[in-house]
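Please go through this protein model by question and answer.

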Amino acid sequence: MAICTDPVLGDAEIAQVGALLADRARCRVLMALIDGRALCASVLADEAGVSRSTASGLLGRLTSAGLLRVETHGRHLAEYFHITWD
């Protein structure tokens, strides 16, 4: 029985997700959203224990990576984040 040594397709993507999950604040954001709720950035900053500006950066990274999606709601077009499951 031969062992396949070819790189697995998608391993670069797995490494990128792993790097995102290596940060405690980003994990806390994802854990706050795991139940399917959509939360605004200020609530997620509190959940992660970081400042609003730090939360903005980490939400941007998670959104750019495709792990989060942003929706706008309300009269003031507030942004709400939720996990992208697809």
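This is a predicted model: local features need pLDDT of at least 70, side-chain atom pairs count only at pLDDT 80 or more; totals for chains, interfaces and linings use all residues.

Residues are numbered from 1 along each chain as its sequence is written, and side-chain values use heavy atoms, with hydrogens and water left out.

Q: What is the mean pLDDT of the protein?
A: pLDDT is the predictor's confidence in each residue, from 0 to 100. In this protein, 88% of the residues reach 70 or more, and the mean is 87.

Q: In what order do the elements of the protein run from the N terminus?
A: Helices (H or I, at least four residues) and strands (E, at least two) are DSSP runs, numbered from the N terminus. The protein has four helices and three strands. Their order is α-α-β-α-α-β-β.

Q: Is leucine 59 buried or exposed?
A: Leucine 59 lies in helix α4, residues 52-64. Buried means under 20% relative accessible area, exposed over 50%, partly exposed in between (1.4 Å probe, protein chains only). Leucine 59 has a relative accessible area of 2%, so this residue is buried.

Q: Which residues does leucine 59 touch, not counting residues up to four places away in sequence?
A: Arginine 26 is 33 residues from leucine 59 in sequence, yet the C-alpha to C-alpha separation is 7.8 Å. With residues up to four places away left out, the residues touched by leucine 59 are Val29, Ala41, Leu44, Leu68 and Phe81.

Q: Which residue in β3 stands opposite leucine 68?
A: Two strands pair if DSSP finds at least two bridges between them. Strand β2 (residues 68-73) and β3 have six bridges and pair in the antiparallel sense. Opposite leucine 68 stands isoleucine 83.

Q: The side chain of threonine 84 reaches the backbone nitrogen of which residue?
A: Threonine 84 is in the segment after β3 (78-83). Gly66, Leu67, Leu68 and Arg69 are the residues it touches, not counting those up to four places away in sequence. At 3.4 Å, its side chain reaches the backbone nitrogen of arginine 69.

Key: Contact means heavy atoms within 4.5 Å. A polar contact is a pair of N or O atoms within 3.5 Å; within protein, one must be able to donate a hydrogen and the other to accept it, and residues adjacent in sequence count only if both atoms are side-chain atoms.
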